[in-house]
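Here is a short report for a reader who is new to this structure. Please look at the sequence and the fold before reading on.

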Amino acid sequence: MASSISIAVAILILVIIGLIAKLTFWRNRLRCVENKHVLITGGSSGIGKSVAIVAAKNGAHVTLIARDVQKLEAAKYEVMQACKNKDTQRIECLSLDVTQNYEEVEKAFMDLEKTMGPIYMLVNCAGTAICGKIEDTSVSDVNQLIRLNFLGTYYCIKAVVQSMKTARDGIIVLTSSQAALLGIFGYSAYCSTKFALRGLAESIAMELSPHNISVTLCLPPDTDTPGFAVEELSKPLETKLISQTGALVKPDLVANQLFKDALNGKFFSTVGMEGYLLYTLCCGMSPFSSVWELLTQVSLMGFFRLISAFYLISFQRIILKCMKTRDRNKKSE
């Protein structure tokens, strides 16, 4: 009994210390983007456009990057309407393929800094999903995913790091997916590229932390964007049924949380209970942003592993049911 009381008291003390540390930590780390340059790739639609609107509302100068000129111009107009200081804020857009040539990306960013000012915050939202089992996914599709989801992010980060180091200040956001934390049927190529972004985020967080540059890894669930609508067309039935076990969220929700977490210096950015469960369960050797966050991860990881087992069992049941249904249909033909 005495040992149980001692353990309970120790946990209570740790929680109190964590709460105090949390309050002081967040107050010191909160950043501001007003009158600073925020660059967003994939900024013509979806989460990227929503992030641009949030940045404009916070008084930032914003550059939108995507490939489609017409979509960029339409997005630019929306972002301009959201500006906090319409007379002084600058909103620009640039048609650029961030996947093809690093030298072109580097030159474009250098030119933007001359006209828009140093890039203070880089938000990488350019990405796509191509679904299919590994044997049904073409090599060209795999290469496309690698180039856009991984290299497109890698090139942009590489292009801004040196100027951020010189300024000893900056924020880098990588938009990955909950599929960076678990493999999903029909997402073998897509998950691979999103897992790669997590490795990139953890590595550069360690490299850049001494230079006062924070890194945030955004892990959105299925989000109601034009890209998601296209993705639905290629999803195997199993993938669709597994996806339907989670909620479909609005891009504004993801963007607001992403922006808040990035300004607070948090490494992970998630929305919803499932996102919280996943990042807590899978945090591993990832950076932690406060003592409180560390304590909650340590406390909940074992319990969340038990919950995850029920999810995995339900996913396997979906896959087996689909397989049996196909087998019956083949026999009846």
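## Loops, strands and packed helices

Asn212 lies in the loop between helix H6 (188–208) and strand S6 (213–218). Helices (H or I, at least four residues) and strands (E, at least two) are DSSP runs, numbered from the N terminus. This is a predicted model, in which local features need pLDDT of at least 70, side-chain atom pairs count only at pLDDT 80 or more, and totals for chains, interfaces and linings use all residues. Residues are numbered from 1 along each chain as its sequence is written, and side-chain values use heavy atoms, with hydrogens and water left out.

Asn212 is not a glycine, yet its phi is positive, at about 65°. Arg168 is not a glycine either, and its phi is positive too, at about 55°. Arg168 sits in the loop between helix H5 (139–167) and strand S5 (170–175). Buried means under 20% relative accessible area, exposed over 50%, and partly exposed in between (1.4 Å probe, protein chains only).

| Residue | Relative accessible area | Class |
|---|---|---|
| Arg168 | 45% | partly exposed |
| Asn212 | 38% | partly exposed |
| Thr296 | 17% | buried |

Thr296 belongs to helix H11 (residues 291–332). Leaving aside neighbours within four places in sequence, Thr296 is in contact (heavy atoms within 4.5 Å) with Tyr276 and Thr280.

Now the strands. Strand S4 (residues 119–124) is mostly covered, with six of its six residues buried. Two strands pair if DSSP finds at least two bridges between them. Strand S1 (residues 37–41) runs parallel to S4, joined by five bridges. Here Val38 stands opposite Met121 in S4. S4 also pairs with S5 in the parallel sense, over four bridges. In that pairing, Asn124 is opposite Leu174 in S5.

Next, a helix pair. Two packed helices are described by the angle between their axes and the distance between the axes. The axes of helix H2 (residues 46–57) and helix H9 (residues 251–263) come within 8 Å and cross at roughly 55°. H2 and H9 are therefore oblique to each other. Angles under 35 degrees count as roughly parallel, over 145 as roughly antiparallel, 65 to 115 as roughly perpendicular and the rest as oblique. Residues that meet here include Ile47 and Val51 in H2, and Val254 and Leu258 in H9.

Note on methods: Axes fitted to C-alpha atoms, helices over the stretch in contact; angles between N-to-C directions.
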